[in-house]
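User: Hey, can you walk me through this one? I'd like to start with the strands.

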Amino acid sequence: MNYLSLKSFVLRSKLCLLLLLGSVVQAQADGLTTDKVRWHGFISQGLIQAPETNFVNLDDSISAELTDLGVNMSWALTDNVRLAGQVVYLDGGRRYTKGTRLDYLFLDWTLHSDFDWRLDMFVGRFKNQHWLYSATRDVPFTRNAIVLPQSVYFDSFRDIAVGSDGLAFKLTRNTSLGEVELNWSWGATNLSKEQSQILLSQLAQGDAEQEYVHQASLFWRPDQSAWQLGISLLDSDFTYEKAEQDYYSDGAMTIQRVMFNGRYAAEFWELSSEWVQERLDISDFYAPGFKRDSFSQGWYLQGRYNLLPKTWALLSVDLFDLDKDDRSGRKFSQSTGGLVPAYFGYQDDLTFGITYDFKDNLRLTMEHHWVKGTARLAYPVMPDLQYNKSEYWQMWAMQLMYWF
Amino acid sequence: MKIKFVTACVVLWTGYALATEVVTHPAVPMDQLTVTQLRGIYSMRQQNWPDGTAVRVFVLPAKNPIHQTFAKEKLQMFPYQLDRIWQKITYSGLGAAPVVLTSEQQMREMVANTEGAIGYIENSDELSKLKVIRVTQ
């Protein structure tokens, strides 16, 4: 059996197993669902190829490493206390860590609820509720695209940005100006060695730790309007403790984000957009005494159009500059003595996609990306010159998804 | 003649010819709701009626013309926006989506027989065991 037929066999086996798993899990979930306990889940499998990059794999081949599985439960313990949990299995190739993980598990205590306002407190491991797609970035049918705009949803940061262990509040209030939603959260994510190496490359042998991440966001849905507008803020500190034999030194990093988002909904089309400015302050780490404080900026605009009753088309533009004062990447390249090409300083992506719904809960999505620049390819702190060889590169993906 | 036929087909296809009524279990202690309050209920943020009874939300499938008319006329939203809200709360743990029923007849039976229930039906004179809720701006 040659390499390609082996890959095809593996993919077909994977799909059969997923379909079998889906039917079994749904039958179980239907049987277990009651007024107090609800079960849901999703299964998806796709193909992806991003040649001349390290985004998915290193051999440029078509990859079946595009699997998202999840099962969740919501259990109403009392009238105002609920336990919610979800387990997921993710395989995104080199984009983030592969495997099964506890996605969220928290207690949701409704502190107040009436027709004017509601306040909830969440304790445990909860999802990031602050950006447009952050709460469900691993749930394929909730995204407009298979690969989200990397300016905001940088896959190397996925494991850190997806949620936290800690405390969060959500307040929704109906005002004379429309509905206002306020989210606040405080927590941290425990980073495994594999997760650290996705961020810092395999040269990192020490311990990376997120000290805390503090986030707040405000969404406003004006009455009688098709708009939703939002703003969110993030502040997070990391430390790195080097191993005895290590490329890096002890160090600290601060990441701060300011983001704006907007969404406009019409009957047959929709626009969504997010803008981000991110501060990255690095102390020591590369070498004792090293100091760098830079601001990156990114922005995307996605338009969806309902071509036919079951078919939506997507057009997306995603722009990112590693340093807002060096958008061409020239200074960055010069600072490395020309070793790192300037195209590591930006990444601009034009995407076209088609989504077709076979049923209410069975969907196929296909998309193609034309990309210029490699600033949002691994690794964020160490450009991968060996595998990210081209300024211009392309990527395509297709994914079949089922949910219940 | 041809234009009238096409118009009638379009109207039937899009569901605009339908009119819907919001209905509740007869013991629900309200006679009218504002659009904002109704949105709060169908966004699954509103958990209880003023007397403390739990709100039980029922819907028809997304492609059902009654559902589409209800979403646009009563909630002033598009069905895909409702799907997104329900998917977000279901798959990020924030809550439970409404119970999806298969037919209008089942909707009538479930709302009539479930304490705290709210749903919607095609406009009709046959309203036994259901309370009609007036929706205001």
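Analyst: Helices (H or I, at least four residues) and strands (E, at least two) are DSSP runs, numbered from the N terminus. This is a predicted model, where local features need pLDDT of at least 70, side-chain atom pairs count only at pLDDT 80 or more, and totals for chains, interfaces and linings use all residues. Residues are numbered from 1 along each chain as its sequence is written, while chains are lettered from A and ligands numbered from 1 in the order in which they are written.

User: What else does β8(A) pair with?

Analyst: Strand β7 (residues 178-188) of chain A, also antiparallel, over ten bridges. There A:Asn183 is opposite A:Ser217 in β8(A).

User: And what packs against β8(A)?

Analyst: The buried residues of α3(A) pack against β8 (207-222) of chain A. Those buried residues of α3 (residues 193-200) are A:Ser196, A:Ile198, A:Leu199 and A:Leu200. Buried means 20 or more other C-beta atoms within 10 Å of the residue's own; exposed is 12 or fewer, partly exposed is in between, and the C-beta atoms are placed from the backbone. Just past the helix, A:Ser201 has a positive phi of about 80°.

User: What is A:Ala378 in contact with?

Analyst: Setting aside neighbours within four places in sequence, A:Ala378 is in contact with A:Asn54, A:Arg94, A:Ser156, A:Ile198 and A:Asp384. Contact here means C-beta atoms, placed from the backbone, that lie within 7 Å. A:Ile198 is also one of the buried residues of α3(A). As for A:Arg95, its C-alpha is 8.0 Å from that of A:Ala378, though the two are 283 residues apart in sequence.

User: Zooming out, how compact is chain A?

Analyst: Chain A has four helices and 16 strands. Its radius of gyration is 22 Å, close to the 22 Å that the globule rule gives for 404 residues, so chain A is as compact as a globular protein of that length. The radius is taken over C-alpha atoms, and the rule is 2.2 Å times the number of residues to the power 0.38. The C-alpha trace spans about 65 × 55 × 45 Å along its principal axes, and 41% of the 404 residues count as buried.

User: OK, chain B. What order do its strands take in the sheet?

Analyst: Six strands make an open sheet, β2-β6-β1-β5-β3-β4 (chain B), with mixed pairing. β2 (32-34) and β4 (99-100) of chain B are the edge strands, each pairing on one side only.

User: How covered is β5(B)?

Analyst: Mostly: five of the six residues of β5 (residues 117-122) of chain B are buried. β1 (residues 20-24) of chain B runs antiparallel to β5(B), joined by five bridges, while β3 (residues 56-59) of chain B runs parallel to β5(B) with two bridges. B:Ile118 in β5(B) has B:Thr24 opposite, and B:Val57 stands opposite B:Ile118 too.

User: How many residues of chain B are in contact with chain A?

Analyst: 21 residues of chain B are in contact with 25 residues of chain A. On the chain B side, α2 (35-42) and α4 (79-92) are the elements giving two or more residues, and α4(B) gives the most, with six.

User: How confident is the predictor in the complex?

Analyst: The complex gets an ipTM of 0.89 and a pTM of 0.89. On pLDDT, the predictor's confidence in each residue from 0 to 100, chain B has a mean of 88, with 88% of its residues at 70 or more. Where pLDDT is low, the predicted coordinates should not be read in detail.

How values were computed: Two residues are in contact if their C-beta atoms, placed from the backbone, lie within 7 Å. Two strands pair if DSSP finds at least two bridges between them.
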